[in-house]
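Here are my notes for you, point by point. Keep the picture open while you read.

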Protein chains: 2
Amino acid sequence: MTGPVVILVDPQLGENIGMVARAMLNLSLTDLRLVRPRDGWPNDSAVAAAAGADVVLENAQLFERTEDAVRDLNLLYATTARPRDMTKTVVTPEEAGRTMRKRMAKGDTAGFLFGPEAMGLANDDVALADAVLTVPLNPEFSSLNLAQAVFVAAYAWFCGVAEMPEKTLSMPKDTGPASKDELLHLFEHLEGELDRSGFLRVQEKRPTMVRNLRNLLGRAELTRQEVQTLRGVISSLTLHRDKMPN
Amino acid sequence: MTGPVVILVDPQLGENIGMVARAMLNLSLTDLRLVRPRDGWPNDSAVAAAAGADVVLENAQLFERTEDAVRDLNLLYATTARPRDMTKTVVTPEEAGRTMRKRMAKGDTAGFLFGPEAMGLANDDVALADAVLTVPLNPEFSSLNLAQAVFVAAYAWFCGVAEMPEKTLSMPKDTGPASKDELLHLFEHLEGELDRSGFLRVQEKRPTMVRNLRNLLGRAELTRQEVQTLRGVISSLTLHRDKMPN
């Protein structure tokens with residue numbers, strides 16, 4: 001088992017089980033367990049809604065009792081609204097994801113428990129869990145689609161494992177970031193033309209204006225290709241200038 | 001406008017637009033804009049799938065061109081896969097949420113742009129955006145349901161605004177956390193009984209065992225009610241001891 005298990009208790013529509021399978025595979029989760037699916041199993045609507053995540057449905061395990069579906073797990077989160085009549089630790093998906101990563105790195109097994117659509121988990125099922133996982137939502141409209149709930153509960157776990165950097169630059173394969181030399185040639189080209197056009201004629205303001213222009217273009221993280229494009233733009237803009245009437 | 005705008009370009013199924021409305025209202029977003037919805041507007045399937053988020057559908061605005069749908073925004077994220085043939089900053093939902101909160105706090109307006117189901121945004125639409133927002137996903141199964149994409153793109157923004165603490169304790173209204181005094185009485189009750197039973201009879205080990213028990217019970221963050229319950233458990237366990245044969 002590589003990721004946490006997803007356990008659906010009393011799921012109703014096959015379509016929702018299929019959408020859960022799709023959401024799971026989006027996050028590399030493949031261990032689905034179903035406790036008393038209302039419309040039986042296997043289910044054609046589930047396959048149609050899974051949009052290709054068939055492997056998750058094919059390997060799904062069936063259980064009659066929630067207890068039996070969670071027996072092999074060391075860490076279990078009940079994904080539901082804040083319980084009103086039980087004393088229970090309540091965590092966000094971020095906190096649950098962090099704890100799961102730590103515990104699973106030590107060899108523990110973990111899972112998320114979900115109740116039927118439009119209803120929370122029964123108190124007896126919540127009591128099986130180590131903590132309640134509650135997704136922060138608009139308090140005036142907090143009914144979440146089942147697949148949405150599965151996705152957001154597990155997404156923080158997945159992001160922590162994937163460790164994707166928060167900001168990167170995507171670019172075509174046949175170019176790369178411009179060198180400082182290429183940038184300086186661009187700057188000098190532009191500034192030379194602005195000197196000729198009179199834009200930089202006030203000498204005491206020139207250093208500030210040049211610095212502002214360079215900063216502005218520097219922030220764009222230009223590629224080599226884009227530098228060539230901009231030089232073409234400058235050349236094109238100035239080509240006929242001397243012939244134009246002012 | 002209180003939250004970011006959601007713009008769907010060429011959405012196909014009304015059902016998906018309805019599910020997007022539901023996901024939006026879950027996160028307190030109400031400003032939906034539709035560019036050329038395939039099946040016309042208004043749409044009955046959208047209403048059925050919105051599960052009560054009618055206010056979002058009723059206020060949705062229609063546009064013929066993406067440019068016109070984004071014209072009033074200062075900050076726009078194109079939510080799509082990493083572009084292969086354009087140079088563009090790529091951010092995660094977390095980074096986008098952080099930037100949006102900062103910019104919107106200064107009075108800027110912001111939005112998320114989404115392409116049609118099963119297809120990414122057209123390059124011309126991506127070019128309108130300040131950056132590409134890409135959700136980290138299983139690279140081998142990365143096709144995300146449209147409502148799921150809207151939810152996860154905006155969720156990080158919402159969490160930052162809601163500032164929900166990552167871990168809290170939920171408890172019934174008629175109780176509260178136990179005082180240290182109540183805990184000490186519980187500890188002393190338990191230790192007294194364990195002294196009588198002989199469990200703590202090895203004097204040099206007693207301090208360590210008592211400390212371990214106190215730590216263990218302390219970690220549970222017991223309520224007053226639970227302390228009473230545990231004291232009842234101890235009393236009950238020891239009630240008939242003296243009458244039992246050993």
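1. Let's begin with charges. Over all chains, the structure holds 22 salt bridges. By that term I mean a side-chain nitrogen of Lys or Arg within 4 Å of a carboxyl oxygen of Asp or Glu. The general idea is that side chains of opposite charge can pair when their charged atoms come close.

2. A word on what you're looking at. This is a predicted model, where local features need pLDDT of at least 70, side-chain atom pairs count only at pLDDT 80 or more, and totals for chains, interfaces and linings use all residues. Residues are numbered from 1 along each chain as its sequence is written, chains are lettered from A and ligands numbered from 1 in the order in which they are written, and side-chain values use heavy atoms, with hydrogens and water left out.

3. Now find A:Arg71. Its salt-bridge partner is A:Asp68, and 2.7 Å separates the closest N and O atoms. (Buried means under 20% relative accessible area, exposed over 50%, and partly exposed in between, using a 1.4 Å probe and protein chains only.)

4. A:Arg103 and A:Asp108 also pair up in a salt bridge, at 2.7 Å from N to O. A:Arg103 is partly exposed, with 27% relative accessibility, and A:Asp108 is partly exposed too, with 23%.

5. Over in chain B, have a look at helix H8, residues 180–197, which holds both B:Arg196 and B:Glu193; they sit 3 residues apart, about one turn of the helix. (Helices, H or I with at least four residues, are DSSP runs numbered from the N terminus.) Their side chains form a salt bridge of 3.5 Å, N to O. B:Arg196 is exposed at 56%, whereas B:Glu193 is buried at 14%. Salt bridges can also share partners: A:Asp31, A:Arg33 and A:Asp72 are joined that way into one network.

6. Last, how do the two chains relate?

Key. Helix = DSSP H or I, 4+ residues; strand = E, 2+ residues; numbered from the N terminus.
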